[in-house]
Amino acid sequence: MYQFLSSLSHTQRTIILSVLGIMVSVGVSILTYLNPMWAILVIIGVLFIIFLVFLFKEPSIGLFALVAYCFLFGILSREVGGIAYGIGIEGLLLLTWVAALTQYKRYDWKRLNNPLTKLMLMWFIISVVEIINPAGASVIGWLQEIRSTALFPVLFTPLVFLLFDSEKKLNLVLILLIGLSLLATMNGIKQQHIGLSSGEQKFLDEVGAITHLLWGRLRVFSFYGDSGQFGVSQASFVMITIVLAIAPFKWWKRILALIAAGLSFYGMLISGTRGAFFALAIGALCVFFLTKNIKVIILGVIAAALFFGFLKFTTIGNGNYGLYRLRSALNFKEASLNVRFNNQKVLRERLQSQPFGGGLGVIGTWGKLYNKDKFLSTIEPDSYWVKVWAMYGIVGLTIWFSMMMYIMGKCCGIIWKIRSIGLRYKCIALLSATAGIFLCSYGNEVINSMPSAIVAALSFAIIFQSVNFDKKDASLPQKDDEKDKNEPGKNNGAINSEIKIIYS
């Protein structure tokens with residue numbers, strides 16, 4: 001369609017598009033009169049066709065749309081309902097793959113030959129083999145579980161290497177991620193101070209009240225599946241925006257990042273998610289280690305120590321429920337934590353005779369639906385680490401954990417060698433957030449649920465891809481503010497040489 005329109009003259013295109021626009025307008029008017037739902041379906045169909053035209057012209061649009069969808073499809077699920085909107089993730093992935101394959105000559109396919117895509121493929125193969133696990137878990141449960149556990153990473157990761165092929169696109173990704181997260185923050189604030197929508201209230205009435213209404217106080221969950229996902233996601237964006245705020249960018253960008261960090265921190269507090277504290281802790285450690293800036297390290301360590309002491313050794317602010325919940329994360333005698341340890345003890349005894357676990361979908365949501373006859377389905381995992389252990393056994397857990405440690409270690413090595421200061425800070429921001437998501441997955445199912453799943457997968461792939469961005473411009477960038485002050489022809493060679501020595 002796009003090629004056909006391109007072959008026409010400007011006048012011909014104007015006439016054709018005008019006629020089509022009039023026809024659609026008349027058709028929608030008639031359908032609205034007959035049945036409003038038909039008109040809505042026609043409008044959605046037209047928008048989908050327009051999306052396809054742009055997608056096949058520029059396949060990276062598919063990935064941007066996917067990122068947005070992974071943050072927002074919870075709205076459709078709660079407010080509209082009727083179908084499983086999660087399947088839209090696979091639909092967008094497949095459409096983007098088709099669009100990329102139709103323009104395969106545009107892309108450097110050699111980029112897919114990297115450790116990250118190979119590891120994702122290896123984990124997918126292991127997950128497929130789990131269908132013959134002798135424990136005999138349901139095939140339907142396996143099919144549902146493999147979608148988030150292995151299918152999404154193996155389809156998504158190569159697309160990032162192909163389509164997000166420049167630092168300019170990395171900048172767009174960061175803007176989109178922060179914007180979507182702030183939108184969720186605003187909705188969370190609305191839930192806390194104004195009230196719930198009809199779909200959100202229905203969620204509480206049917207299943208959510210047990211975990212999201214504690215002592216009459218709402219644990220905010222925004223667009224996401226639960227407050228645990230919302231809280232950890234907000235904490236991860238606290239780290240992203242804080243790192244960007246201390247990076248050598250223009251002052252107004254740093255102020256905007258600082259404002260975003262403050263809003264995200266408030267969103268984290270009203271979620272009532274205790275585990276979010278550990279996302280901040282591990283994220284801060286990543287920043288201290290990778291910035292190579294002594295001033296940042298010293299100030300960061302002091303700030304972290306003061307924050308820890310404030311939470312651990314004082315009761316200031318306990319009147320604020322969010323702060324009280326965050327402080328309770330440092331109480332290792334807390335009752336719910338002991339319940340989780342007891343569940344893990346039961347699992348340990350059961351899994352001693354099952355080194356390859358009980359199979360995908362045997363525990364958690366899909367276990368309750370499709371494996372009611374299995375003992376493992378009666379235990380709450382309360383942790384993605386524990387869930388992997390129950391499904392894949394100690395063998396699979398060891399492989400998965402080693403794989404994650406290798407990926408994060410490799411990311412640290414890549415960041416350590418990046419010469420572009422601005423690019424390095426962007427990658428530090430993404431890794432600090434993802435490290436927090438990974439650690440918090442010990443306490444909740446976070447890294448396998450949206451939007452944290454796409455943030456983690458996107459961050460890993462972009463950091464591995466950043467090697468290509470860094471090679472495009474071997475010279476080191478100055479601070480944005482300094483670029484405007486320096487004029488061509490001035491002798492800055494000595495300064496640049498000193499910077500290269502420090503950062504190479």
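A residue counts as buried when its relative accessible area is under 20%. In this predicted model, S222 falls well inside that cut-off: its relative accessible area is 1%, so it is buried. S222 sits in the loop between β2 (217-218) and α10 (227-246). The phi of S222 is positive, near 55°.

A couple of other spots go the same way. D382, which isn't a glycine either, has a positive phi of about 55°. D382 is found in the loop between α16 (365-370) and α17, and with a relative accessible area of 27% it is partly exposed. As for peptide bonds, the one joining M450 and P451 is cis, with omega at about 10°. P451 belongs to the loop between α18 (421-440) and α19.

Another serine, S60, is part of helix α4, which covers residues 60-79. S60 is buried as well, at a relative accessible area of 3%. Its side chain makes a polar contact with the side chain of E58, at 2.8 Å. Setting aside neighbours within four places in sequence, S60 touches L163, F164 and K169.

Next comes helix α12, made of 15 residues (276-290). From first C-alpha to last, α12 reaches 21 Å, close to the 21 Å expected at 1.5 Å a residue. Its buried residues include F277, L280, A284, C286 and F288.

C286 leads on to the cysteines. A disulfide is a covalent bond between the sulfur atoms of two cysteines. How many disulfides does the model have? The count is 0. Take C412: its closest cysteine sulfur is in C286, 5.7 Å away, which is too far for a bond, because a disulfide needs the two sulfurs within 2.5 Å. Elsewhere, C70 is buried, with a relative accessible area of 2%.

Finally, there's the empty space. Rolling a probe the size of a water molecule over the atoms shows where empty space is left. The structure holds 1 cavity of 30 Å³ or more, and the largest cavity has about 280 Å³ of space. Its lining is made up of 19 residues, with M120, T149, P153, M404 and I447 lying nearest the centre. Helices α6 (115-129), α7 (139-163), α17 (384-417) and α19 (452-472) are the elements that give two or more residues to this lining.

Notes. Residues numbered from 1 in each chain as written. Predicted model: local features only at pLDDT ≥ 70, side-chain atom pairs only at ≥ 80, totals over all residues. Heavy atoms only, no water. Buried < 20%, exposed > 50% of the residue type's maximum accessible area, 1.4 Å probe, protein only. Helix = DSSP H or I, 4+ residues; strand = E, 2+ residues; numbered from the N terminus. Polar contact = N/O pair within 3.5 Å; in protein donor to acceptor, adjacent residues only side chain to side chain. Contact = heavy atoms within 4.5 Å. Expected span 1.5 Å × (residues − 1). 1 Å grid on protein atoms, 1.4 Å probe; cavity = no way out; pocket = protein on both sides within 12 Å on 5 of 7 lines; lining within 4 Å. Points joined across faces, edges and corners; volume = space filled by probe spheres on them.
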